[in-house]
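Subject: Structure for your review

Dear colleague,

Please find below the structure that I am handing over to you.

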Amino acid sequence: MSLLHRLDRLPLSRPHYMLLLIGGLGYTFDGMDVAIIAFLLPALRDVWSLSGAELGLVGSATPIGVLIGALLAGYVGDRYGRKTVMCWALAIYCVMTLVAAFSPNFTVFVIARVLAGVGTGAESVIIAPFLSEFIPPKKRGWFIGSLAGFFSFGFVGAALLGRFVVPEFEDGWRYAQVITALPILMLLWWRRSLPESPRFLLGKGRADEARVIVETLETQVVAATGKPLPPVDTPREVEPRVAPAPSPGLLQSLVIMFGSAMRRQTTVIWVIWFVVTFCYYGFFAWIPSLLVERGFTVTRSFEFSIIIYIAQIPGYFSAAVCSDWLDRKRTIALYLVGSTISAWCLSQADSAGAIVAAAAVLSFFLNGCYAGLYAYTPESFPTAIRATGCGFASAFGRVGSIMAPSIIGVFSASLGFAGVFTMTTSVLAAGVVVLLAWGVNTKGYSLEAITPEKGGEAVKGKGNAREAWRTR
């Protein structure tokens, strides 16, 4: 009986939900750290007399670090293990956020924010593929979408800090960053108890370790449910298997991702990551400042931002449900269409109520896109390069997050409020076309059973490359 069949047949229960909580809390603080920058910008501008270009650099600092962290984390996670990356990412994020909190000048602050972003990027990339390797196919879309939903709690937390801490104290911008960093120490201690992914261990030839983890999970599930385990359903045409093999290098991984079998799906994933991340960071990094420019006070702007950020929560979790009800591709497309329409409505809004309503709906749909995308991406790559594939896709998306604050900062003066969100509408519409035209479905398949036609690939190395990563 395959260990992976045994793993995939386990019903969701307390052990899985503990994984969700530990991983989700990491995403909560990642989201809080990223979102807090939007609320620090007005204070930083006054403290260091920053120009618009310098404010744009502050907005891009964390995404630059996130890009670096995403690229490194995927490769390191595939070579040395998912758990190792998860622990180090948290430690780097915590330390660098505290350095940023006590920065004596603008230069130190920007450098610290870049390095904190490295931790955030590594964290955000590794958790979804790590947890996806524990979850049965029928519930994977909902589970990983719900995992991504924890980002929304971080954004709401950042909005609350932006409203009740940043403007209320002389050094409120410092206090806010300390608050986002210190709880990580508890989570880091907690995360040490996590098991490594059995799929990763099998791929490294460490079958005995994988067996112990699977047997432990089976025991925990029986204790949690009070019922015997369900029988293993082994389809004749599919035999999940992860063949032990050396990890491919970065260049080799890229060759696999853009080989004939995976090229289309890899391109679609990269494009959707760019589209959603460009619009997401452009919107959330500048919405408080754009509201101020529309005549609202900083305090009023931050209050509106809380409403907008709260809309993320149902956005994530409704999309998580749709990911298993429809499928990942159609869910992302549906929420991209909703984002496109709401971005256009925001470009036409001319009153406080209309702006907040349209922005809240845009927040709902944009974050729903992420819930589907976080489930879709790990399913699109075989085990040996799953984390690397997620890392590269996320990193390409982060190029959009780096570009967005600066582009919107420069062009908001000439395009205005309406022009900024008309541009966002166009980018989102392009994403819908690409996804519906070329994206493939992955719903309901074991990670090892996803074939080239459904997004995976069986590849033989050429030349010095070794045969390693087969999906069947």
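How do the residues of the lining of the second largest cavity divide into nonpolar, polar and charged? Before the answer, please note that this is a predicted model. The lining comprises 9 nonpolar, 3 polar and 2 charged residues.

The second largest cavity

The volume of this cavity is about 140 Å³. It is lined by 14 residues, and those closest to its centre are F151, Y280, Y281, Y374 and R398. Several helices take part: at least two lining residues come from each of α2, α5 (106-132), α6 (137-164), α12 (263-293) and α16 (352-379). Helix α2 gives the most to this lining, with 3 residues. In the structure as a whole, the count comes to 4 cavities of 30 Å³ or more.

The second largest pocket

Of its 13 lining residues, P15, M18, L19, P195 and Q220 are the closest to the centre. Both α2 and α10 supply at least two residues of the lining. By class, the lining of the second largest pocket has 9 nonpolar residues, 3 polar residues and 1 charged residue.

The packing of α2 and α10

These two helices also pack against each other. Helix α2 (residues 14-48) and helix α10 (residues 207-225) have axes 8 Å apart and meet at an angle of about 110°. Angles of 65 to 115 degrees count as roughly perpendicular, and α2 is therefore roughly perpendicular to α10. On the side of α2, the contact is made by R14, P15 and H16; on the side of α10, by L217, Q220, V221, A223 and A224. By class, 5 residues of this contact are nonpolar, 2 are polar and 1 is charged. Two of the contact residues, P15 and Q220, are also among the residues closest to the centre of the second largest pocket.

An aromatic pair

Finally, a search of the whole structure finds 27 aromatic pairs. One of them joins W48 and F106, with 6.4 Å from centre to centre and 70° between the planes, an edge-to-face arrangement. W48 lies in helix α2 and F106 in helix α5, 58 residues apart, and the pair thus links distant parts of the chain.

With kind regards

Key. Residues numbered from 1 in each chain as written. Predicted model: local features only at pLDDT ≥ 70, side-chain atom pairs only at ≥ 80, totals over all residues. Heavy atoms only, no water. Axes fitted to C-alpha atoms, helices over the stretch in contact; angles between N-to-C directions. Helix = DSSP H or I, 4+ residues; strand = E, 2+ residues; numbered from the N terminus. Parallel < 35°, antiparallel > 145°, perpendicular 65-115°, else oblique. Contact = heavy atoms within 4.5 Å. Nonpolar A, V, L, I, M, F, W, Y, C, P; charged D, E, K, R; others polar. 1 Å grid on protein atoms, 1.4 Å probe; cavity = no way out; pocket = protein on both sides within 12 Å on 5 of 7 lines; lining within 4 Å. Points joined across faces, edges and corners; volume = space filled by probe spheres on them. Phe/Tyr/Trp six-rings, centres within 6.5 Å; stacked < 30°, edge-to-face > 60°.
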